[in-house]
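Take a look at the model below. We will follow one stretch of it, then turn to individual side chains.

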Amino acid sequence: MRARDKAAVSALRSALAALDNAEAVPVGEAELRGVALEHAPVGAGATEAARRELSEDHVVDVVRAEAAERLEAAEQLSAPAHAGRSAQLRAEAAVLLRFLDGPGTTAQDTVPHRP
């Protein structure tokens with residue numbers, strides 16, 4: 001953020017959001033039905049659910065999926081009018097992959113292209 005690197009900030013914020021979503025525990029509807037109002041939990045934090053703890057491999061998979069989504073979207077933006085957005089998506093993918101694979105790695109080296 002201090003370097004004013006918009007691609008890095010955008011990529012990292014969305015990756016953090018994706019990781020936050022991956023940690024969320026789905027709430028079953030069965031738990032919410034049939035509870036009388038007087039037995040419902042009340043108070044600060046009463047509706048909080050414990051978060052899942054992701055393994056390092058799962059974190060890597062989520063971040064790689066974020067990078068792959070960006071590269072796939074960049075490939076679909078082939079019109080000259082979308083060249084700027086395509087370049088931005090590729091830059092964001094490169095930022096994410098640098099965190100996983102090190103600074104010398106390019107997006108094409110690490111994310112397999114889908115047919």
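Start at a helix end. Gly-102 follows helix 4, and its phi is positive, near 105°. Keep in mind that this is a predicted model.

Now step back along the helix itself. Helix 4 covers residues 83-101, which makes 19 residues.

Next, burial. Which residues of helix 4 are buried? They are Ser-86, Leu-89, Glu-92, Ala-93, Ala-94, Val-95, Leu-96 and Leu-97. An α-helix has 3.6 residues a turn, so residues three or four places apart point the same way.

What does Glu-92 touch, leaving aside neighbours within four places in sequence? Its contacts are Ala-7, Ser-10, Ala-11, Arg-70 and Arg-85.

Follow the last of these contacts. Arg-85 also belongs to helix 4. Is Arg-85 buried or partly exposed? Its relative accessible area is 40%, so Arg-85 is partly exposed. Beyond neighbours within four places in sequence, Arg-85 contacts Leu-77 as well as Glu-92. Ala-74 is 11 residues from Arg-85 in sequence, and their C-alpha atoms are 7.4 Å apart in space.

Conventions:
Residues are numbered from 1 along each chain as its sequence is written. This is a predicted model: local features need pLDDT of at least 70, side-chain atom pairs count only at pLDDT 80 or more; totals for chains, interfaces and linings use all residues. Side-chain values use heavy atoms; hydrogens and water are left out. Helices (H or I, at least four residues) and strands (E, at least two) are DSSP runs, numbered from the N terminus. The expected span of a helix is 1.5 Å times one less than its number of residues. Buried means under 20% relative accessible area, exposed over 50%, partly exposed in between (1.4 Å probe, protein chains only). Contact means heavy atoms within 4.5 Å.
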